[in-house]
Amino acid sequence: MDLEWALQWGWSVLNACLYLLLQPFYYISILIVALGYRRQMLLERKLFHTKMHSWAAETWRVVWSGLLAGMALSALGMFVSVHLNSASIVCLWVATLLLMLVRVRYLCLAYSVGLLGVVQFFLNVASGWQPGGALGTSVAAIRGLDIPALLVLVAVLHVAEALLVRWQGGKAATPLFVEGKRGRLVGGYRMEDLWPIPLLLLVPTQGGFMLPWTPLFGGDAGTGYMLAALPVLMGFSSVTLGQLPRQKAVLTSNRLLLYSVALLLLSLLAAWWNPLILLAALFSFLAHEALIWYGNIEESRLSPMFVHPEQGMRVLAVLPDSPATAMGILPGEAIYRVNGVVVNTRAELHQALRINSAFCKLEVRNLQGESKFVQRGMYDGDHHQLGVVLAPDADASWAVSIQPASIYRIVAMHIGARRRKAGQASQAEGAHLDTMDK
């Protein structure tokens, strides 16, 4: 009997994995991720004439980490049965894809599940309305959705997202030249990661094999369960001008954890008392939007970090495998002296480096004004500017402005750079920098 159960269970897992591989949604999500990183690399080349990241390597990073997260969440999901069928899965994805056309960040299930929960509430109020045809099938699918269990799933997904943001947030951050107030250029970072997460959910079915435990919602000794594949895309994206990427990632992770815990508690209460379903569904996307709104307000109140001090030159980013990396120069620090000469412009930096073409000695100051002294030999092939990306000045040729992302700009590879005249505000024509600000 135990062997028969194990064989049935193993066949169910294999069947669900094969079904996941046959679903186009998982590959669509990977394609969106790859296009996003490809677009990021094109922006880096436009602004800095070099790439700081590899779109293929970054895509692979989020795919394998999303796969690990999916395996962990699928294991936890064995204790949560979700009443889903093929119509319900299609309903979820159609809602998600429609929302994505408005803004890319609406790919998050917090929006689609929350809105479907609100729609379900009003459909249940109008219980006498029974349309026919395709509309009737859609209405029946929405009415049959297990909203409390799906909201629990959304909460758990955001716990995983918070941990991924804390672990990997900021690794693929792209430095930017952004137009601040009155057309003044400041440095900043766009932080963007999307994780395709393949989920295997436990769903009730008639007949089939039995599990040795009772799931969190529903299920009894006479009910069978099966595994259903549901790929989802979780993402984190933001622009920061007043913080280092790592600081922004940790702050975002903490807030996502608080949101997840609150949503989880509301969802469990809604499973216990149905009238709370509407409140939990509204909280799912309204609280998510509130996090974004509060983050934007907080960012607007911070002073720009990546601007040049009165003396010295602020480092915006450091190229990998460069002399600056070897010397331990970090983003946010300021290069004050080069070979004993105080440098305040790029021209002065280049002249100071030519004082000794075989060796350089730098005085570097951190954000607290403390100095450190670093030195290194210079070799053929080394970057002419030590491999540092400096904060912008009035002569910067390119700049971007911040606008909400759209799927059209990602697919069309609109990188968002606009040409500037030296010392002047940018021209009116040009595209915008996109961000999901999650």
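**Figure 1. Aspartate 321 in the loop between β4 and α10 of the predicted model.** With a relative accessible area of 79%, aspartate 321 lies over the 50% limit and is therefore classed as exposed. Its place in the chain is the loop that runs between β4 and α10 (323–326), and its phi is near 55°, a positive value in a residue other than glycine. Most residues other than glycine have a negative phi.

**Figure 2. Asparagine 339 between two strands.** The loop between β5 (334–338) and β6 (341–342) holds asparagine 339, which has a positive phi of about 50° although it is not a glycine. Asparagine 339 is buried, because its relative accessible area of 19% falls under the 20% limit.

**Figure 3. Aromatic pairs with edge-to-face geometry.** A search of the whole structure returns seven aromatic pairs. In the pair formed by tyrosine 26 and tyrosine 27, the ring centres are 5.9 Å apart and the planes meet at 65°, so the arrangement counts as edge-to-face. Tyrosine 26 is buried, at 9% relative accessible area, whereas tyrosine 27, at 41% relative accessibility, is partly exposed. The rings of tyrosine 189 and phenylalanine 306 have centres 5.5 Å apart and planes at 65°, and this pair is therefore edge-to-face as well. The pair links distant parts of the chain, since tyrosine 189 belongs to strand β2 (residues 185–205) and phenylalanine 306 to the loop between α9 (277–301) and β4 (313–318), 117 residues apart. Both tyrosine 189 and phenylalanine 306 are buried.

**Figure 4. A charged side chain over an aromatic ring.** Arginine 365 places its charged end over the ring of tyrosine 336, at 3.6 Å from the ring centre.

**Figure 5. Helix α2 and the second largest pocket.** Helix α2 comprises 25 residues and reaches 36 Å from its first C-alpha to its last, close to the 36 Å expected at 1.5 Å a residue. Histidine 49 follows α2 and has a positive phi, near 60°. Two or more lining residues come from each of α2 (24–48), α11 (346–353) and β9 (388–390), with β9 giving the most, three residues.

**Figure 6. Helix α3 and its buried residues.** The 22 residues of helix α3 (residues 55–76) should span 32 Å at 1.5 Å a residue, and the end C-alpha atoms are 31 Å apart, which agrees with that expectation. The buried residues of α3 are Glu58, Thr59, Arg61, Val62, Val63, Ser65, Gly66, Ala69, Gly70, Leu73 and Ser74.

Figure 7. Over residues 109–127 the predicted chain is 89% helix and 0% strand, with end C-alpha atoms 26 Å apart; over residues 256–273 the chain is 94% helix and 0% strand, with end C-alpha atoms 25 Å apart.

Notes
Residues are numbered from 1 along each chain as its sequence is written. This is a predicted model: local features need pLDDT of at least 70, side-chain atom pairs count only at pLDDT 80 or more; totals for chains, interfaces and linings use all residues. Side-chain values use heavy atoms; hydrogens and water are left out. Helices (H or I, at least four residues) and strands (E, at least two) are DSSP runs, numbered from the N terminus. The expected span of a helix is 1.5 Å times one less than its number of residues. Buried means under 20% relative accessible area, exposed over 50%, partly exposed in between (1.4 Å probe, protein chains only). Rings of Phe, Tyr and Trp (its six-membered ring) pair if their centres lie within 6.5 Å; planes under 30 degrees apart count as stacked, over 60 as edge-to-face and the rest as tilted. A charge sits over a ring if NZ of Lys or CZ of Arg is within 6 Å of the ring centre and within 35 degrees of the ring normal.
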